[in-house]
Amino acid sequence: MTDKKTGMAREKLVNIHVNGTACEITVPAWRTLLEVLRELGHVEVKCGCEKGDCGACAVLLDGEVVDSCLTLAWNADRRSVMTVQGLGGPGKAHPLQTAFIEHGGAQCGYCTPGMILAAKALLDDIPNPSLDDIKRGLSGNLCRCTGYTRIFSAIRAAAQALRQEGGTS
Amino acid sequence: MNRMENPLAGVKSEKFRQVGKPLIRTDSPTKVYGTAVYAGDLTMPGMLYAAVLHSERASALLRRVDTTRAKELPGVHCVLTAEDLPASQGVMTDMPGQTGGMTKNTKQPILAKDRVRFCGEPIALVAAESVAIAEQAIGLIDVDYQDIDGVYDPFDALAPGAPIVYGDDNVVASYKIRKGDIEKGFAEADVIVENTFTTQYQEQAFLEPEAALAWVDELEVLNIRSSTQVVEHYRAVADAIGLPHNRVRLRAEFVGGGFGGKEVMTIEVWLALLALASRRPVRLVQPRERSFLSHGPRHPFNITHRTGVTRDGKITALQISFTSDAGAYAKLSPYILLYATVGATGPYRVDNLHVDSVSAATNNLPACAFRGFGTMQANLACEGQMEEIAKTLGMDSMEVRRRNFIRTGDANATGQIIRSAVWSDQCATQALAALGKRPENSQTTRIGHGVACYQQSYGRILWMKDSSEAWVGVEMDGTVVVRSAVADIGGGQSSALAQITAEILGVPMKEVVVYFGDGAVTPLAGTSTASRALYMSGNATQMAATRVRENLLGCAGRHFSVEAEELDMNDSQVFVVGDPKRSMTINDCVKLCAAEGVHRHNLAIFKAPTSEGIDPETGQGEVFPDFTYGAHAAQVAVDIETGEVRVLQSIGAHDVGQAINLRAVEGQVEGSALMGQGFALCEELILEQGQLQTRSLSEYLIPTSEDVPKIKAIILESGSGLGPFGSKGIGEPVYAPVAASIANAVTDAIGVHIFELPITPEKIVKALRRKETVG
């Protein structure tokens, strides 16, 4: 569908791989990846501010952590998105998820999906992060409940577990 | 006072198999896997999306609200204004106890009619096919405002001739305490120390904005699934829209942070109206900017302490005044002022005391509940004053505290005798010791240590006659169900009930499922506020589980021909103590019960202690069930050139009575450390003539991961609380001393006391310049 005045496309069919599944959806130019992911049923991607302040909507786009509220869905066309459900789940938990559970890294849980994906991107980049690395890596993700201490310890434990596994996460 | 004995109080923690242990909370996996459902995640077939028009003016007449163009927009299903509501419309923002008494003037219009009293007051509601259409419709509503004089400062509001915000005058509430002989007390003093402390608006800044879904079901019941701390709001919704109470069902989903901001009703009644008008499911998730306008922030307080002390640090007289800014509607301001008044003396015994407190209506944002509920502001002044007294006397401030700590058996500010343990000294000493050695100052950095103690109540005000119900039952396969309408707001409220039940019935915690937060099908549990959820619902659950245990052991005792007292339960087995061969599985035991027709479940009600109120002239009387005591210590580094404060260490030491889940209680201490740091140093909602200037999380700054100091929780267990197994409430108490400890540490570092929070770099630099000029 094109705009009658400008001739520019107003909607287009995009193909986004979400957690390994191809999703085709017709999207207007202005819609954010956050809105489209939630429309596709991925409500594990949380909305906290819609302007990139809080990080609750963070996902991995081709492995890079982005705020999905600041990413237009068109920019995810033919790219891969990972949400926290794509990282792992019951019976196949990612070491980060196991560590968040064991360390009590979640209280109200609303920041948790974005927080875990920011941590995943951090560990992909720095497998053995210092405390300062972790603090910097999470600086775009707000948490109001935990004081972050258990989030930090969970990430360090997960980093160690991943290094012991010997592979990348 | 009617006090319920706790049958298991005083049992030492080493006897527990599960209570007190850092077990994995039942809600952790679902939150970490991203499968936990929050109110804004819910959808229904045919669902519409809501949007709200909030006032742009702080004080204005509404000459006309024209919705014609909004209604004509394709995709719009309904637009509601005050014109569509009965003339008597309004919602009670009070939180009555079980007997329903309400404070005066707590009815607030659902939608503004004729006049708006604050910037953000709701004017119109829209339900449409999409969020985008609903937002477009909001933009098409024409509002013709005529500005009228407003008042934006509580002292101005109380002055003669001030514009009246509502009612007869701008006094929302006032209290006084008259205890002992204040004149005699001041006469006995060697010195008198007087200071005024001010605190700012603080925003809850929960990560999940207000969200709810409402619809009318096949039974003609109005259903609301919401992010709320209070399931019992179904009654207020029903009263506001004229439905019987049994036709409104409110369910609390997992709440993405509450902190008091989801205590008074937020968006539920708007959705109720839209669902009834459209006969479609309607969902609203408030955009962050409007979330700031949809709940009340923490009240700004102005607090003056005039303290008479002897040369050796004993307080002989204390005169305190509080003025708080209630904003444009009362909400919970009268109760919050009461909490401040009762908490005026902090954890100290003061025999000669005058307190005068007043809360004033203004055209600012209506302030409301926030973790600490007025007590923490009162405490901040107390603890700052301790430092000033110590400085005046040339004493160590901990020594001044020790001379004045309240002790078990003493009367507090309202004459209530403290019955539980008071471990203020132990907590403060341990927290300070944990800071360790003070690092060296550098050329531009000054290190400071600070400590603060507190007294914070848990449980609701006694004349609300609070109670909570819980149901515990064992299934035929030996698994366990708990039913409680407690709202799970992220502190582990439902998980604690599983842990208590698992302990009593001797099953692994994973064998227990807790159904929570449903006003229609789980027994009503009261609010998840006032640090009462564990205290009240924990006790009810403990009572129900204990009775189920008695029934099971009764059957097993008859089977083994022993007395029930000779039996125990663990690992899903019922066995004769000391004779492991005589045992059976819990499911075999349950089958015996079933065969004998013995109940395998129990519905229990826990009733809190009650009183009939305080004397209005003296402020004397019992107000709360009990109090929690503890301390927080902080180490800061202040850059004297830039005024920047880095918190290096933040250590909370608290007597929690008995930890139910050690990891969860430590988590409360850690989270409060950072939230209190924000209050001390950087958080402030800024209003100009009632207009909110800080409408996003990039303008209202909460601490981030990069601001996190070394945080430590020290947990002490006196076993003296009124909660299950001797526990005390901790959600608010652990927050109460944090900001004061950081403020005191800054004073220690720079040698100047900044009496006005937040302590920003600008204030520090100015104070240091003034000190150079003066001194």
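**Interface of chains A and B**

I began with the contact between the two chains, which takes 46 residues from chain A and 51 residues from chain B, contact meaning heavy atoms within 4.5 Å. I note that this is a predicted model, in which local features need pLDDT of at least 70 and side-chain atom pairs count only at pLDDT 80 or more, while totals for chains, interfaces and linings use all residues. Residues are numbered from 1 along each chain as its sequence is written, chains are lettered from A in the order in which they are written, and side-chain values use heavy atoms, with hydrogens and water left out.

I then looked up the area buried between chain A and chain B, about 3800 Å², of which carbon and sulfur atoms give 58%; buried area is the accessible area (1.4 Å probe) that two parts lose on being put together, summed over both. In chain A, the residues that lose the most area to chain B are A:Ile101, A:Gln107 and A:Arg144, together 22% of what that side buries.

Across this interface I found five salt bridges, by the rule that a side-chain nitrogen of Lys or Arg lies within 4 Å of a carboxyl oxygen of Asp or Glu. I looked up the one that joins the side chains of A:Lys46 and B:Asp41, at 2.5 Å from N to O.

On the side of chain A that touches chain B, the elements giving two or more residues are α2 (84-87), α3 (95-103), α4 (112-125), α5 (131-137) and α6 (149-165) of chain A, helices being DSSP runs of H or I of at least four residues and strands runs of E of at least two, numbered from the N terminus. The largest share, five residues, comes from α3(A). I sorted the residues of that side into 21 nonpolar, 14 polar and eleven charged, with Ala, Val, Leu, Ile, Met, Phe, Trp, Tyr, Cys and Pro as nonpolar, Asp, Glu, Lys and Arg as charged, and the others, Gly among them, as polar.

**Loops of chain B**

I placed B:Leu140 in the loop between α3 (131-139) and β8 (142-147) of chain B. Leaving aside residues up to four places away in sequence, B:Leu140 touches B:Asp66, B:Arg69, B:Ala70 and B:Leu73. I also checked B:Leu140 against B:Gly719, which is 579 residues apart from it in sequence and 60 Å apart in space, C-alpha to C-alpha.

I turned next to the backbone, with the reminder that most residues other than glycine have a negative phi, and most peptide bonds are trans. The peptide bond from B:Leu757 to B:Pro758 is cis, with omega near -10°, and B:Pro758 lies in the loop between α17 (738-750) and α18 (761-774) of chain B. B:Ala205, a residue other than glycine, has a positive phi, near 50°; I located B:Ala205 in the loop between β10 (191-198) and β11 (211-216) of chain B.
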